[in-house]
Amino acid sequence: MNAAPVTTLTQFLIEERRRFPDARGEFNALLLDVALACKTISRRIARGALYNLLGDHGAADSVNVQGEVQKKLDVLSHEIFVRRTEWGGHLAGMVSEEAAEPIQIPERYPRGKYLLLFDPLDGSSNIDVNVSVGSVFSILRAPEDGATAGRNPAAADFLRPGSEQVAAGYALYGPSTMLVLSVGTGVHGFTLDPEVGEFMLSHPDLHIPADTQEFAINSSNRRFWEPPVRRYVDECLAGKSGPRDKDFNMRWIASLVAEAHRILMRGGVFMYPRDSRDPARPGRLRLLYEANPIAFLIEQAGGRASTGRQAILHVAPRAIHQRIGFVFGARNEVERIERYHAQASALGDHKPLFHERGLFLA
Ligand code: MN
Ligand code: MN
């Protein structure tokens, strides 16, 4: 062989454990199960509309004679995640975007030390137009008061701040399939080699530049934004003629994973801020399995992730499907947005739009 072979995901995980003797490598097997779930989802998605036209097994002669209803891809992805990870003895329980309550580990399998939280298919409306989608996951340590000794974790057991995550990552199903992940030692990107079916380390040690001239926000919500967000975006749009003294570009893919990936690859800032559209829904994205894992990756890559008012990773969750305003990316830009929020509340020109609960108090 002329060159050293490219590092595989398995090799990377084993070498990380050697490099950090204190690091817990016990969840490596769990991460490999998650990676396998993502590879499986990637293949299902690659068949696009044929998934429904041809049935689950791809050939006309294997169409289910029971007339079984074809599962939508986000439900199928959920089931792939659960089935691939429940058996290994690593998990005490799971939370999925597709399940109202925590998912229990079947009695026939041993319980483990970790909790897995995931959005099995993020941006799934993009499927219809053949644009990138992804999966997002977060791993927490299970509470030690007996979760592994018989008790199934309750919803409250999953309500841990993002700073307690032991690993987080996403898979992006684009022109190529990638797995981007952190076990707390930086952020590393792996590209799926479809010929051997293995994730290969292609983007070691990702870093987000502190400055950027690219922002992403859904501008159709402008009338619902709070004043600090409006101020920030107006200043970006004013470009060279405004206070920022430089021109900005705008991007919007409407897929959290794809937006996060772009920012990890070439910088930028993303906003889905808290807004006034629906007082019962302060923010759009889910804290536990969207904002927390992405925030973990972004901060591990030197960026910042915030609600606009406080670091995402320090938010104490109240509910497993809680939504939250989410701003992340280039550190200097996110800090500027936080400064604008702080200035607005100091000036008192920013009346709270919602009943403020503990979440938003410092
Ligand atoms: Mn999602
Ligand atoms: Mn989803």
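Reply:

**The metal site**

In this predicted model, the manganese ion (ligand 1) and the manganese ion (ligand 2) lie 3.7 Å apart, and Asp119 coordinates both of them. Around the manganese ion (ligand 1), the coordinating residues are Asp119 and Asp122, each through OD, together with Glu290 through OE, at 2.0 to 2.3 Å. Along the sequence, the donor residues of this manganese ion (ligand 1) follow the spacing D-x2-D-x167-E. Because Asp122 belongs to strand 2 (residues 114-122) while Glu290 belongs to helix 7 (residues 287-300), the pair ties together parts that are 168 residues apart in sequence. Asp122 and Glu290 are both buried, a term that stands for under 20% relative accessible area.

Tyr170, in strand 4 (residues 167-173), counts as buried because its relative accessibility is 0%. The C-alpha atom of Tyr170 is separated by 4.3 Å from that of Val136, although the two residues are 34 residues apart along the chain. On the surface, Arg223, Arg277, Arg281 and Arg284 gather in a patch of positive charge. One of these, Arg277, is placed in the loop between strand 10 (269-272) and strand 11 (285-286), and Arg277 counts as partly exposed because its relative accessibility is 39%.

Note on methods:
Residues numbered from 1 in each chain as written. Chains lettered and ligands numbered in written order. Predicted model: local features only at pLDDT ≥ 70, side-chain atom pairs only at ≥ 80, totals over all residues. Heavy atoms only, no water. Donors = N, O, S within 2.8 Å, 3.2 Å for Na, K, Ca; no water. Helix = DSSP H or I, 4+ residues; strand = E, 2+ residues; numbered from the N terminus. Buried < 20%, exposed > 50% of the residue type's maximum accessible area, 1.4 Å probe, protein only. Patch = residues over 30% accessible without salt bridge, like charges linked within 9 Å, V, L, I, M, F, W, Y side chains within 5 Å. Areas by Shrake-Rupley, 256 points an atom, 1.4 Å probe, with all protein chains shown as cover. Salt bridge = Lys/Arg side-chain N within 4 Å of Asp/Glu carboxyl O. Lys, Arg positive; Asp, Glu negative; His and termini not counted. Charge placed at Lys NZ, Arg CZ, Asp CG, Glu CD.
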